[in-house]
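Colleague: I have just opened this one and would like a walk through it. Could you start with the terms you rely on?

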Amino acid sequence: MGHSSKLAKLEAATDALRKACIFIASAALVLLVATFGWLVFGRYVLNATPTWVEQLALLLVCYIAFLGAAAGVKENTHLGVSLFRDMMPVAVQKVFMIAIDLILAGFGLVMLIAGIVLMRFGWDTLLPMLDIPESFRTLAITSCGALIFLFSGLRALVRILSFSDWHTVPQDLEI
């Protein structure tokens, strides 16, 4: 099996992970809107405000933000300044792009490790009104770190292995 077929399978797997991130974040957003609808209905129609909505909203926003951020890393859609990189010769641009991917992968690894520490620390503490461990909130940070590490690390690896074959235009290389 050649490099190109392995890379195609790797691209398909990471794209499936990205789609799962988007799906879960979208479902969380729909649930967030529905719970706020219930909050408004409960407060103004039933005259009984559901107190758990705020805590659930905080939990859902964590998943929406962190999973969306991880998908953005995979899609390479985050805001970036490329002026100085684009002024360099093509070989230097490629080195910069690999370095950026490695730095981003390192950031994801730090998030993953810190997230695991936070999950261990918060397991015995329950979220108020929801009665679930605080670790469910920090699971969003941990999973985002793991996904950023995976997406950026694999993109750097692919760029290193195919250094002479790819162009510096971001749309030319997806991983």
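Modeller: Helices here are DSSP runs (H or I, at least four residues), as strands are (E, at least two), and they are numbered from the N terminus. This is a predicted model, in which local features need pLDDT of at least 70 and side-chain atom pairs count only at pLDDT 80 or more, while totals for chains, interfaces and linings use all residues. Residues are numbered from 1 along each chain as its sequence is written, and side-chain values use heavy atoms, with hydrogens and water left out.

Colleague: Okay, so where is arginine 155, and is it buried or exposed?

Modeller: Arginine 155 sits in helix α5, and it is buried, with a relative accessible area of 3%. Buried means under 20% relative accessible area, exposed means over 50%, and partly exposed is in between, using a 1.4 Å probe and protein chains only.

Colleague: And how far is arginine 155 from aspartate 101?

Modeller: From C-alpha to C-alpha they are 6.9 Å apart in space, although arginine 155 and aspartate 101 are 54 residues apart in sequence.

Colleague: Which residues have the most contacts inside the largest nonpolar core?

Modeller: Those are Leu67 and Leu147, in a core of 21 residues. A nonpolar core is a set of buried Ala, Val, Leu, Ile, Met, Phe, Trp, Tyr and Cys residues joined through side-chain atoms within 4.5 Å. At least two residues of this core come from each of α1 (3-44), α2 (52-75) and α5 (135-161), and the largest share, 10 residues, is supplied by α2.

Colleague: What is leucine 67 in contact with?

Modeller: Setting aside neighbours within four places in sequence, leucine 67 is in contact with Cys21, Ile24, Ala25, Ser143 and Leu147, where contact means heavy atoms within 4.5 Å.

Colleague: How do α2 and α5 run, parallel or antiparallel?

Modeller: They are roughly parallel to each other, since angles under 35 degrees count as roughly parallel, over 145 as roughly antiparallel, 65 to 115 as roughly perpendicular and the rest as oblique. The axes of α2 and α5 cross at roughly 0° and come within 9 Å; axes are lines fitted to C-alpha atoms, for helices over the stretch in contact, and angles run from 0 to 180 degrees between N-to-C directions.

Colleague: Switching topic, how many aromatic pairs are there?

Modeller: A search of the whole structure finds two. Rings of Phe, Tyr and Trp (its six-membered ring) pair if their centres lie within 6.5 Å, and planes under 30 degrees apart count as stacked, over 60 as edge-to-face and the rest as tilted. One of the pairs is tryptophan 38 with phenylalanine 41, which is tilted, at 5.6 Å centre to centre with 35° between the planes. These two are three residues apart in helix α1, so about one helical turn separates tryptophan 38 from phenylalanine 41. Tryptophan 38 is partly exposed at 40% relative accessibility, and phenylalanine 41 is partly exposed at 36%.

Colleague: And what about tryptophan 123 and phenylalanine 136?

Modeller: Tryptophan 123 and phenylalanine 136 form a tilted aromatic pair as well, with 6.1 Å centre to centre and 35° between the planes. The pair links distant parts of the chain, 13 residues apart, with tryptophan 123 in the loop between α4 (90-122) and α5, and phenylalanine 136 in helix α5.

Colleague: Last one: what does arginine 85 touch?

Modeller: Not counting residues up to four places away in sequence, arginine 85 touches Gln93, Phe96 and Met97. Arginine 85 belongs to helix α3 (residues 83-86) and is buried, with a relative accessible area of 17%.
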